[in-house]
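The following note is written for a colleague who is meeting this structure for the first time.

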Amino acid sequence: VNDTIKNIKKHRNIDAFLKKYHFKGSGPGGDFNGPTIKDLINNESKLNELKDEISSEYEEFIIHLKNIAQVHKVATRKELDIDDAKLVLSKFTNDWKTMRDKFDLSESLKIHIINDHMLDYFELTGKTFLTVSDEITEAAHSALRTFDERHGYKTVQKGTEGHARKQHKSTIHFNANNLGDY
């Protein structure tokens, strides 16, 4: 959602809309937090007003926000409805690709996971994400970030050959230290 809002702002000034509904970023880098995001994507009238504000030329962004709400609903239900999950995820992926191609967007890791792995998880486990926590993943990311800083693997030149080499070295070094005696 934060990336989508940033992309909308590249094309249209929506500051008046954001101010009207007291949408302001309180997260890292000024990003919207969970309650603010839910207030936007789960409110059809606000999404329609935003759609009117940005013009039909950018309608794909509103469709994407609505699709995110649907993915969230599917992913957090008490009971998995696999057929509904397939429909929602298929629509999300198709609409995402249309928006990506039209606006030359790059695919974030979250979008990749939704497009390529979420349905696999549902099919393999038969469960939603309602009782799943990502704390272990966040702890691993934090440990890796600290490790990279301590060992000189951190770089600001993302996407370069040097960055790729440092990532590769870091992965080998980090894994070698953490595999243990098995």
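1. Helix α4 passes α5 in a right-handed crossing (left-handed if the near helix is turned anticlockwise from the far one by less than a right angle, right-handed if clockwise). The contact (heavy atoms within 4.5 Å) is made by Glu44, Leu47, Asn48, Leu50, Lys51 and Ile54 of α4 with Glu59, Ile62, Leu65 and Lys66 of α5. By class, the contact of α4 with α5 holds 5 nonpolar, 1 polar and 4 charged residues; Ala, Val, Leu, Ile, Met, Phe, Trp, Tyr, Cys and Pro count as nonpolar, Asp, Glu, Lys and Arg as charged, and the others, Gly among them, as polar.

2. This is a predicted model, in which local features need pLDDT of at least 70 and side-chain atom pairs count only at pLDDT 80 or more, while totals for chains, interfaces and linings use all residues. Residues are numbered from 1 along each chain as its sequence is written, and side-chain values use heavy atoms, with hydrogens and water left out.

3. How do the axes of α4 and α5 lie? The axes of α4 (residues 44–54) and α5 come within 9 Å and cross at roughly 165°, which makes α4 roughly antiparallel to α5. Axes are lines fitted to C-alpha atoms, for helices over the stretch in contact, and angles run from 0 to 180 degrees between N-to-C directions. Angles under 35 degrees count as roughly parallel, over 145 as roughly antiparallel, 65 to 115 as roughly perpendicular and the rest as oblique.

4. Helix α5 also packs with α3, at an angle of about 110° and with the axes 9 Å apart. The two helices α3 and α5 are therefore roughly perpendicular to each other, and α3 passes α5 in a left-handed crossing. Lys38, Leu40 and Ile41 of α3 meet Leu65, Ile68, Ala69 and His72 of α5. This contact of α3 with α5 divides into 5 nonpolar, 1 polar and 1 charged residue.

5. The axes of α6 and α7 come within 9 Å and cross at roughly 130°, so α6 is oblique to α7. Their crossing is left-handed. Leu89, Phe92, Thr93 and Trp96 of α6 and Ile111, Ile114 and Asn115 of α7 make the contact, in which 5 residues are nonpolar, 2 are polar and none is charged.

6. The protein chain has 10 helices and 0 strands; helices (H or I, at least four residues) and strands (E, at least two) are DSSP runs, numbered from the N terminus. The C-alpha atoms of the chain fill a box of roughly 60 × 40 × 30 Å, taken along the principal axes.

7. About 1,900 Å³ of space lies in the largest pocket. On a 1 Å grid over the protein atoms alone, a pocket is an open set of points where a 1.4 Å probe fits, with protein on both sides within 12 Å along at least five of seven lines; lining residues have an atom within 4 Å of a point. Grid points are joined across faces, edges and corners, and a volume is the space filled by probe spheres set on the points.

8. Of the 45 residues that line the largest pocket, Lys110, Ile111, Ile113, Ile114 and Asp134 lie nearest its centre. Helix α1 gives the most to this lining, with 7 residues. The lining divides into 19 nonpolar, 15 polar and 11 charged residues.
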